[in-house]
Amino acid sequence: MLNLILLVVAVFGRSPFHEDEFKTFNHFLEKYDKNYTKSEFLGRYDTFKTNLDTINEHNSKNLSWTMGVNKFADWTPMEFKAWVKRGNGGGFIDMKQEKKYPEELQTASCDSVDHVALGRVTNPKDQGNCGSCWSFSTTGAVEGAWVVAGNSLTSLSEQEMVDCDNQDSACQGGLMDYAFQFVEKNGLCTESDYPYTGTKSWRCKSSSCTSAASISSYTDVPTSENGLQAAVCQQPVSVAIEADQSSFQFYSGGVLTSACGTQLDHGVLCVGLGTDGGKDYWKVKNSWGGDWGESGYIRMCRNCGANAASEGQCGILMGASYPTV
């Protein structure tokens, strides 16, 4: 560690502010295999220090959720916001206007459920730098519905939709409802037969693999706590949220209670609900890899906030839908 500090001083003519912070930074570099140019190094270190202060200040408040150093810890808030929104294109906001809601779902049949524990959810995946969150939300919902219908849990292909679903826009964004329409017509191949590359291929390769799962229809969930709860009690549900805030950038665990807006920009999967320490929550599977949050998941507060009944935290009630096999 001392040698690294001396090297930085020799190269940049400047000493790090604090050896403990620099030690944390060096561990971060090694863990996430970060490599910077000479011109980038000090700027990234300064950004990391600022973010570390934000994390430590938040955790000192002993709230119901914690922040931690993760792969986004050297990104500015504007960089993170742009990264989250890169695949949105306004689509999720349009979706809530286009949806045609059925009659209110029946009263929720459970107070808690965890579809992960029930074996209906594949391990968290990582969309990388492609704005394909919509495809991960879709595969997760179809994977869950496939198991509910009596089939084995099967990891399905996001890449097939990125390459072949022309109603959506690959790495520039898409909508889960449109993706469900694609799956109705075409089914989905397995992840292993059509693996994820994180970029759109110049041609669709569906003909090279066999459909491993299909759906018969999909349902838009009424915009209410009761509607989403009733839907999640029966199966994993695709939802859209606003995820471009620091609460998501550094979330590491607990029930998120922070306000985070309702400008929908990210598709995820609601895989459960429950209560922890008196706080109701939705359990949500993200597509930022298993090293983010609670091993790839986040628990978002339920029945909370000024617009809880009509929008939910981060807008989680505003764009929910699920498929039927």
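Is Asn-62 buried or exposed? Asn-62 is exposed, at a relative accessible area of 68%; exposed means over 50%, buried under 20% and partly exposed in between, with a 1.4 Å probe and protein chains only. The model is predicted: local features need pLDDT of at least 70, side-chain atom pairs count only at pLDDT 80 or more, and totals for chains, interfaces and linings use all residues. Residues are numbered from 1 along each chain as its sequence is written, and side-chain values use heavy atoms, with hydrogens and water left out.

**Overall make-up**

- The chain holds ten helices and nine strands. These are DSSP runs numbered from the N terminus: H or I of at least four residues for helices, E of at least two for strands.
- Of the 325 residues in the chain, 53% are buried.
- Take the contacts between residues at least 6 apart in sequence: 74% of them join residues at least 24 apart. Contact means heavy atoms within 4.5 Å.

**Nonpolar cores**

- A nonpolar core is a set of buried Ala, Val, Leu, Ile, Met, Phe, Trp, Tyr and Cys residues joined through side-chain atoms within 4.5 Å.
- The largest one has 38 residues. Leu-228, Val-237, Phe-248, Trp-282, Trp-288 and Ile-316 have the most contacts inside it.
- Two or more residues come from each of strand 1 (65-67), helix 4 (77-85), helix 9 (225-234), strand 4 (237-241), strand 5 (251-256), strand 6 (266-276), strand 7 (279-285) and strand 8 (297-301).
- Helix 9 gives the largest share of this core, four residues.
- Another core lies apart from it, with 25 residues, including Ala-141, Met-161, Phe-180 and Val-183.
- In soluble globular proteins, nonpolar side chains tend to be buried together.
- Beyond its neighbours within four places in sequence, Ile-316 contacts Leu-228, Val-239, Ala-240, Ile-241, Trp-282, Val-284, Met-300 and Glu-311.

**Helix 6 against helix 8**

- Helix 6 (residues 133-148) and helix 8 (residues 176-186) pack at about 55°, with axes 9 Å apart. Axes are lines fitted to C-alpha atoms, for helices over the stretch in contact, and angles run from 0 to 180 degrees between N-to-C directions.
- The two helices, helix 6 and helix 8, are therefore oblique to each other. Angles under 35 degrees count as roughly parallel, over 145 as roughly antiparallel, 65 to 115 as roughly perpendicular and the rest as oblique.
- Helix 6 brings Trp-134, Ser-137, Thr-138, Ala-141 and Val-142, which meet Met-176, Ala-179, Phe-180 and Val-183 of helix 8.
- By class, this contact of helix 6 with helix 8 has seven nonpolar, two polar and no charged residues. Ala, Val, Leu, Ile, Met, Phe, Trp, Tyr, Cys and Pro count as nonpolar, Asp, Glu, Lys and Arg as charged, and the others, Gly among them, as polar.
- In helix 8, the buried residues are Met-176, Asp-177, Ala-179, Phe-180, Phe-182 and Val-183.

**Helix 2 against helix 3**

- The axes of helix 2 (residues 19-31) and helix 3 come within 11 Å and cross at roughly 110°. Helix 2 and helix 3 are therefore roughly perpendicular to each other.
- Helix 2 supplies Glu-21, Phe-22, Thr-24, Phe-25, Phe-28 and Leu-29, while helix 3 supplies Phe-41, Arg-44, Tyr-45, Phe-48, Lys-49, Leu-52 and Asp-53.
- The residues of this helix 2 and helix 3 contact are eight nonpolar, one polar and four charged.

**Buried sites**

- Leu-269 sits in strand 6 and counts as buried at 2% relative accessibility. Its C-alpha atom is 9.6 Å from that of Trp-134, 135 residues apart along the chain.
- Ala-243 is in the loop between strand 4 and helix 10 (246-249). Its relative accessibility is 0%, so Ala-243 counts as buried.
- Ala-243 and Lys-81 are 162 residues apart in sequence, yet 8.2 Å apart C-alpha to C-alpha.

**Positive phi**

- Most residues other than glycine have a negative phi.
- Asn-62, not a glycine, has a positive phi of about 55°. Asn-62 is in the loop between helix 3 and strand 1.
- Ala-170, also not a glycine, has a positive phi of about 55°. Ala-170 lies in the loop between helix 7 (158-164) and helix 8, and is buried at 3% relative accessible area.
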